[in-house]
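Subject: Handover of a structure and notes on it

Dear colleague,

Please find below the structure that I am handing over to you. My notes on it follow, arranged by region.

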Amino acid sequence: MDRITKNQLISLSKNDFKKEFCTNCKYISLAPGRINIIGEHTDYNLGLAMPIAIDRWICVLISKREDSNFNICLSNFNKKSNIDLNSLVLDGKFNDYVIACLKIVKDNFKINKGLNILIKGNIPIGFGVSSSAALEVSLLAGLLKAYDIKHDLSSILMLSNSVENNYLGINSGILDQYASLYSKKNEPLLIDFSNSTHVYVENNISNSEWVLINSMVNRELVNSKYNERVKECSKGLILINKKLHSKKNMNELTVEDLDLIKNKKILFNRLKHVILENRRLKLMKNEIKKGNLVEIGRLLNESHSSLTNLYKVSCDEIESIINFSTACSGFYGGRIMGGGFGGCTLSLVSKECLDVFIKDVISLFYDKYQYSPKVEVVRFSDGLELK
Ligand code: GLA
């Protein structure tokens, strides 16, 4: 589904719900996907990140039932299932995320009636904009509301994190769900992962668009590389603490400390990226406040080159997208976004040149790889909304 407004998505979802369950829905929740402007591979290193919700959502509609069945409809895929409250089992198939959310609510709260649930969204899958986090947030919020269970944003954050860690066995942080819950339209979040707090960044960017270009290189295949980076960082920290006889946390490391492991080039490079990325993020905050497109672009480019050369999470296709983008007019700057090893780039592009920019990058990429990357232009939006 292409760009549609929040209200259009709600009204399409309501129609689907009525068709599917022959009744009107009673509860609606809507949670967005996100981009991360800067602060990559910093979350698990107790650093800083700057995500914001985008104008793509997962909409969950619910009505009550008198029996103990969950009647579930994944409207985008036309998939339907019917599961009893007492036989919720994860089976490694397409609706494990849904079952895991139902199960965590069942395990933690007293519930004995089922629900009709319809899920519909317009978040592009495979772009690294957190469609699964949005699904968890939207569904959990809807379930808590429908069962009249007391909740706030932080309890939804904890539950969604636990769904991933304890039910689905994914060792992820809280960046994605945090953004889906706490975002404010037009003011990027600045999250400090050392104490899980956030502030909002004053935003005076204008005359430009945020563009995602999907290399179509599958990130799932290289999850082990992500875990390798996590380990390298903690190994570097342990070595430094040993040499300093200290107990520093990752967020307390300085560039000078890195000298102590300069003979361990890989660990040195990984930690150098983390320290400098946190610094760049603070500079980014000021430039966004000033609306200085050129400086914002320069910081994005710097972040990209650090992720490529120091953190080594890029790949040939992503490098080509950035090189082609740099050669096209209207490009202020861009970088690989998310875990890396494929996935997407995020770029800031002048509004005036947008159409030509997209056409030119796709055509240059096609000439080299004989397939077209997918492109999405995204705007900022608010976090979770319950109706
Ligand atoms: C993945 C993870 C996030 C974060 C990014 C890198 O997307 O899910 O928690 O670590 O990589 O910034």
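In which helix is the place of Asp96? Asp96 belongs to helix α2, which covers residues 96–108. Please bear in mind throughout that the model is predicted.

Is Asp96 buried or exposed? Asp96 counts as buried because its relative accessibility is 12%, and the cut-off for that term is under 20%. Its side chain reaches the backbone nitrogen of Gly92 at 2.7 Å. Leaving aside residues up to four places away in sequence, Asp96 touches Leu90, Asp91 and Leu168.

Lys120 lies in strand β6, residues 115–121. With a relative accessible area of 11%, Lys120 is therefore also classed as buried. The side chains of Lys120 and Ser75 are joined by a polar contact of 3.4 Å. Asn76 is 44 residues from Lys120 along the chain, yet the C-alpha atoms of the two are separated by 5.8 Å.

I turn next to the ligand. Which residues surround the ligand? They are Glu40, His41, Asp43, Tyr44, Asp176, Tyr226, Gly338 and Gly339.

Strand β10 comprises residues 331–337, and six of its seven residues are buried. Its partner β11, residues 344–350, runs antiparallel to β10 and is joined to it by six bridges. In one of these pairings, Arg335 has Leu346 of β11 as its bridge partner.

What else do the buried residues of α9 pack against? Besides β10 and β11, they pack against β9 (208–214), α8 (265–290) and α10 (316–327). The buried residues of α9 include Leu293, Ile296, Leu300, His304 and Leu307. An α-helix has 3.6 residues a turn, so residues three or four places apart point the same way. Helix α9 itself has 17 residues (293–309) and reaches 24 Å from its first C-alpha to its last, close to the 24 Å expected at 1.5 Å a residue.

Finally, there is an open sheet of three strands. In what order do its strands lie? The order is β2-β7-β8, with antiparallel pairing. The edge strands, each of which pairs on one side only, are β2 (48–49) and β8 (197–200). Two bridges link β2 to β7, residues 189–192, and Leu48 has Asp192 of β7 as its bridge partner. Helix α5, residues 175–182, lies across β2, β7 and β8 and runs at about 140° to β7.

With kind regards

Notes. Residues are numbered from 1 along each chain as its sequence is written. This is a predicted model: local features need pLDDT of at least 70, side-chain atom pairs count only at pLDDT 80 or more; totals for chains, interfaces and linings use all residues. Side-chain values use heavy atoms; hydrogens and water are left out. Buried means under 20% relative accessible area, exposed over 50%, partly exposed in between (1.4 Å probe, protein chains only). Helices (H or I, at least four residues) and strands (E, at least two) are DSSP runs, numbered from the N terminus. Two strands pair if DSSP finds at least two bridges between them. The expected span of a helix is 1.5 Å times one less than its number of residues. Contact means heavy atoms within 4.5 Å. Axes are lines fitted to C-alpha atoms, for helices over the stretch in contact, and angles run from 0 to 180 degrees between N-to-C directions. A residue is near a molecule or strand if one of its heavy atoms lies within 4 Å of it. A polar contact is a pair of N or O atoms within 3.5 Å; within protein, one must be able to donate a hydrogen and the other to accept it, and residues adjacent in sequence count only if both atoms are side-chain atoms.
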